[in-house]
Structure formats: structure tokens, C-alpha cells
Amino acid sequence: MLKFIKHNLETIAGVEIYPIISLTIFFTAFVLFTVWAFTYSKEKIKEISEMPLNDE
Amino acid sequence: MEKQQFYYDNKIVRNFIYASIVFGVVGMLVGLILAFLFLFPNLTSGVSFLSFGRLRPLHTNAVIFAFVGNAMFAGIYYSMQRLLKARMFSDLLSKIHFWGWQLIIVAAAISLPLGYTTSKEYAELEWPIDIAIALIWVVFGINMIGTIIKRRERHIYVAIWFYIATFVTVAVLHIFNSLELPVSAMKSYSVYAGVQDALVQWWYGHNAVAFFLTTPFLGMMYYFVPKVANRPVYSYRLSIIHFWSLIFIYIWAGPHHLLYTALPDWAQNLGVVFSVMLIAPSWGGMINGLLTLRGVWDKVRTDAVLKFFVVAITGYGMATFEGPMLSLKNVNAIAHFTDWIIAHVHVGALAWNGFLSFGMIYWLIPRMTKTKLFSEKLANFHFWIGTLGIILYSLPMYVAGFLQASMWKQFKPDGGALQYGNFLETVTELMPMYWMRAIGGTLYLTGVIVLVYNIIRTVKQGSPVENELVEVPALAVISPNRLKGEKLHSWLERKPVQFMLLTTVAILIGGLIQILPTILVKSNIPTIAAVKPYTPLELEGRDLYIREGCVGCHSQMVRPFRSEVERYGDYSKAGEFVYDHPFLWGSKRTGPDLAREGVKGKPFNGGRDDVWHFNHMYDPQGLNEKSIMPRYQWLIKDELDKSSTQDKMRAMVTLGVPYTEAEINNALKHMDEQATKIETNLLANPDIKKSFGAQTASPLKDREIVALIAYLQRLGTDTQVKK
């Protein structure tokens, strides 16, 4: 599958860096989302998740 | 702490619900007419504005933007006020949003049947309506952000994140896909051509599904499911990961609509990879929704609202499992252009959007009228007949899609020729499935009509609470900066503007990486010297092809498969479409591909001369009684409007099509010459001569049909020599 991608991208100067950048972006992004989610304290998460229930 | 009194605006929610129901019935009714047109192609014969090609965009637009759109606004306006403990920012903006949106729908309902269309799927509306959509969308956005800013709740609940992403992304998508050059009050050309137009269109099309049909409904799921089940969402942490990964990945997946087309391979492959990844956040969200019901499944047995929600979320899970599978190139090679895709989208629309909306409506209306639902029994009946309708709709369409694709690809045992060389054979085989689909659709609509009755009776027995009084503590003013010990995300989650910027960045990355290279890197679209711009007559013919919505049933994209090359001719190359504003590749083959229609000498295309096309438009069943092509007799009756031909050519020049000044000045003369040739061919046929030869008021060469024939006979001839 990679041969199709390579062929068309070869014309771009410095294309070797693309996959490395992509991987870095995604890896960082997912680590951030996970950290984002798991650094919440239990009490805070409980409080937030009950927001729809006490809104009247 | 000081308590503040204010009112929730229920009236705006109620208005959006009523609009959703009314346009839902209309949109589904139009869909049902379309389903019956497959069975009785001449059901609306002779009425141009009720023809299949013009009604199909009306159906899709009505269901997406009118039925689902209004339901989504109702859900957003209801849940947002309560989650933020604030009335909507401005009653005036709410009103402008509501009435503006309904006006746009009415404009669509009038202009689409009249043939005013850009032909780009789910973006068919012409440029003045596009501008109106942008303005009303901004009104919605200001109203939403304003409400968030004046809220009385510090934290912004995850549902509202989804609403913010919806607003931002739909704005970006709509603006970039609607960039078009106006020629007249209701006619424009896409600024992109061919491959680029296709890429931008499906980046839009796919993400319209993502950010119009999915994210707002996920937000509603995160509010209404906990609300109705009376328990918090299964995992709020999961919802955070769900949100960010979904919006980050979704935006990349658009090119899976263009697999095996002339789109550069790297873009296709990028689309596949991200589509497969998409299953993770999608299923994360689905599981989060379903598991919220843990411990209350006994309620699901009795509560119609929860039943609707369960089927809705299950439908979402099915559609989002199927989506990544359909993105795999080997599966896509089978499913694309067939009824499989029709099944796929209807699982999404009927189950996910439809059932979530119905559940919400059944829950909201009694609450806002201080009464009980008129009949729980009827709601349960609606649930069952609707579910049966979905099954009866989708299963036959899966069978139809798989069956037809297999027939398209079947070679004779000796391996030489196609087993079903005549395309029509593969259509005739599907008729039983089309019948079942029409019955399924009828059942589903019946359920909706039961809902209408149930809701009317409920409203009648209740007393509407247009403004609901609430009393909550005021929100203490704190520093806009991060507090000591405050985590970064807690801070971001209370700063709507910063949060919106972050969302924008997340969705822009994918869009930019895919689209910019295709537009900027020239070598991605190799030009072909033999490909020349259309003649003025062909250009007008192409506009008729657009007006009649031919693209709804006929593709112009031969994929590089042996079976397709055998059937249609050489596969399509990117360079063939450089003058196609807009592209007309299509997404469904109810009829055969037309990319090589003008090329003579193919086994089943040998006889399609001008006379054949004329007769085919006049009475397709006269040529083959089993054909399901509708008649297009008005093309033969009506005179071609040449008043703006030269303006159209000038617009094309602006977009980069190399017409010379001399060609534009001589356009009318050139048109007349080309039309006269076709007229001569037609009048050589004794039957046509008998009927049309004597008339002098409007000679045959000035009729629309001649321009359309000129266009059809041009297709594919630049790169393949006419024999």
C-alpha cells in the first residue's frame, strides 16, 4: 500500500519528514487526550457527570 | 449566595420540534415518492418539477437539514439552557435563527424542484441560499457562544463541546465547499474543477455527516440519555477522549468516498487509514451511551423513549462499524455506486437521527406542556413499526447492493466477456428488493404519522409552558486567568473562546493536510493535452445535465477494474476533468456510467447515436420496456435558453478554462452550427421528421434536447478516439 503513497508524494521536497511529523502529532494528541481525561479527580468527574441530572 | 430568577425559553424549542416534525413528514414523503419511482418510473411523467433527478436532492436536503437540522436545534436549545443555567443569549437571535432556517428550507423546497442546483451532494443549493445559510449559521453561533458566556454554571458539560464543534466545523465546511462564481441570480460554477472539486466536495460531504448528523446528536445523547435514565453517563472520562479523538480523526476520512477514482492514491490511502481509526472513538461513544443504561434495562422494557434511544445508539454503532469496513478498498470496490450505500446511510438517518429525535420529542413535549404523553401505547406502536420499517428498508438494500455489484463484475465462464453485459439486466434483478424498500419506507412514515397524532393530542390536553421559571445561584466572578492549583483542562473547559479555538485547530489539521497539496501541488493532477474545453453547446448541455439531476443516477467515473473497463471503456484519469466545474462523478449507479458515453464501438454502446438519445429521453420504455429511466419529454419541447451562454463562458475563463475572446464572441454561431448537425442526424429518422420536421416556430435545433445530446456525445471522446 505504501508504494502508492510514496509515488505521489515523491515530488514534494523534504517529504521524508511527513510520516515522522504525522506520527508525532497523533501520538502527542492521544497522550494529551488521555492525560486530559485521567488527571481529573474522582470527585470532580462525579460532579460534572451529574450535571444533566440536577438542572431543573 | 445571591439567587437569580430567570426563565428558560421553551417556546423556541417547541417551534424547532414542530418544524422538525412537519418537514420530517414532507422529506420522508418525498423519499417514498422516489422509492416508488424505482417501481413506476413514469409515476410523475411530464411534470418536470416532480422528476426523480430533481426530487432526489430535495429528499436528502429535507431530511438532513430540515428534519434532522430542526430536531438538532431543538435538542441544543433545550439542553444548552439547562446545562448552562441560563436563558438563550438573545430572544431576537433565537427568532432570527428559527425563521431564517425555515425560510432557507422553503427556498430549497422551491428552487430544487425548479432545477436550480449546483449538483454537489448535500450542497445543492445555489449561491444566494448558500449565503443565507452562512448568515443564519453565524446567528446560531453568536446565540450559542453568548449563552455560554453568560452562563451560571462554571463547568461546560461535554454535550456542549459537541455543539461547539458542530458550529465551528459546519461553518468551515460550508464556506469552503460553497466557493462558487455566480453567473446569474440562480446559477453559479464551483471554483474548483474535477479532482479538486471532488476532494473538497467529499471532505464536505463526509464531514457534514460527521458534524451535522453525528456530533450534535452525540451531544444530545450525552444529555438526554442520562436525563431519561436518571443516571449519569457511564464514563465521563471516556466522553472526553471520545470528543477529542472523534473530531480530530473524523475530518481526515473524506477521501474514502473517492476510492479507485482519479483522486491521487496518497489522498485515497490517507482517507482509508483514518476511516479505519474512526471506529475507535465512534464505538467508544456508542458503548458509553449504551452502558449509561446499566442497571435500568428493566425500564427499557416499558419506556418508549428509552426504546427509541437504544435502537438509535445501536443504529449508530452499526453504521459506524460499517463505515470503516466500507472504507477498505476491497469492500469499497463492491459497495460503491450500489444500493449498499443507500442502506448504510438509511441505518444512520432512520435509526440514529430519526429514533433519537423521536425519543427526544416524546420526552420533551409532555414536559413542556405539563402533562403526560397522550398515549404510551401509540408511542410503543410507533417504535415497533419504525423498527420494522428500518429492517425492511435496509436488509433488501444490502442484498440489492451486493447482488448488483456481483453481477457487474461477473465474467462468462470462458473468461472473455461480461456475463451481464447489458446494464439493465442487473437493474431488473433488483426490482423485488426495491418493492421491499418501498414497503419498509411506508411503515417508517406510518410510524411518524402516528407520532404526529400522538403529539397533537398531547399538546391539546396539556397547557404549554413557554417560559419556565427557575432560580439558581449566581456564578461568582473569578479571574479569567488560571487559578492557583487549577488544572489546564479545567481552565480550558470554562473558557469557551479558547476552547473553540482549540477545536478549530483540531479539525483544521486534517483538512489542510489533505486539501492543500491537491490544490497546490501541480504534479498531483497530470494534464492531458488532448483534453479540450466543452463547446458552447456542450457547456449548455452539461448545465441541463446538472439541472435535471442526472448525476443522481449516473456516474462519470470508470474505476480501474477489468469489469468496468470492459463495460464502459478506459478507466478515468485525473487530467480528464480539469475543465469540469463542478465535477460530475456521481455516487450511485442506478443507471450505467456515462464517462465514455460518446465513444462508439463498445459492445453495448454501438447503437447510441443522436436518434437513440432522442428516443431514449422521449420514451425510455419504448426502447426497452424494463428500463426504469424516467421520461424527459420537456427537454424535447422546451427551447434552449442561450441568453447567458457567453456569460457562462466568461465565468469559465475566470476559473481558468482557456476559451479565447474569439470563441466567446462566436459562441452563438458555433452553437447553431453544431446544433444543425445534430438536427440533421435526427431528421434523417422518418419518425422524428414526421413529428418535428414541419414545425417552424421553434426548430428542433433550438430545443434543449439537442444541447444535451451534444454533451452526451462528447463524453469520453477527448481521450478515446470516436470510431
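Predicted model: local features only at pLDDT ≥ 70, side-chain atom pairs only at ≥ 80, totals over all residues.
The crossing of H1(B) and H13(B) is left-handed.

**The H1–H13 contact in chain B**

H1 of chain B covers residues 10-39. The axes of H1(B) and H13(B) come within 11 Å. They cross at roughly 140°. An angle over 145 degrees would count as roughly antiparallel. The two helices, H1(B) and H13(B), are therefore oblique to each other.

Which residues of H1(B) meet H13(B)? They are B:Asn10, B:Val13, B:Arg14, B:Ile17 and B:Ser20. On the H13(B) side, the partners are B:Ser357, B:Ile361, B:Leu364, B:Ile365 and B:Met368. By type, the residues of this contact divide into six nonpolar, three polar and one charged.

**Backbone features in the loops of chain B**

H13 of chain B spans residues 339-368, and a loop separates H13 from helix H12 (329-335). B:Phe337 sits in that loop. B:Phe337 is not a glycine, yet its phi is positive. A second residue, B:Lys85, also has a positive phi without being a glycine. B:Lys85 lies in the loop between helix H2 (52-84) and helix H3 (91-111) of chain B. The table sets out the phi values.

| Residue | Phi |
|---|---|
| B:Lys85 | positive, about 50° |
| B:Phe337 | positive, about 75° |

The cut-off for buried is 20 or more. B:Lys85 has 19 such neighbours inside 10 Å and therefore counts as partly exposed.

The chain B backbone also holds a cis peptide bond. Which residues does this bond join? It links B:His581 and B:Pro582. Omega there is about -10°. B:Pro582 belongs to a loop of chain B as well, with helix H20 (562-568) on one side and helix H21 (610-618) on the other.

**Chain A**

Chain A has 56 residues. How many helices and strands does chain A have? There are three helices and zero strands. Read from the N terminus on, the elements of chain A run α-α-α. Of the residues in chain A, 11% count as buried.

Technical notes: Residues numbered from 1 in each chain as written. Chains lettered and ligands numbered in written order. Helix = DSSP H or I, 4+ residues; strand = E, 2+ residues; numbered from the N terminus. Buried ≥ 20, exposed ≤ 12 C-beta atoms within 10 Å, placed from the backbone. Axes fitted to C-alpha atoms, helices over the stretch in contact; angles between N-to-C directions. Parallel < 35°, antiparallel > 145°, perpendicular 65-115°, else oblique. Left-handed = near helix turned anticlockwise from the far one by under 90°. Contact = placed C-beta atoms within 7 Å. Nonpolar A, V, L, I, M, F, W, Y, C, P; charged D, E, K, R; others polar.
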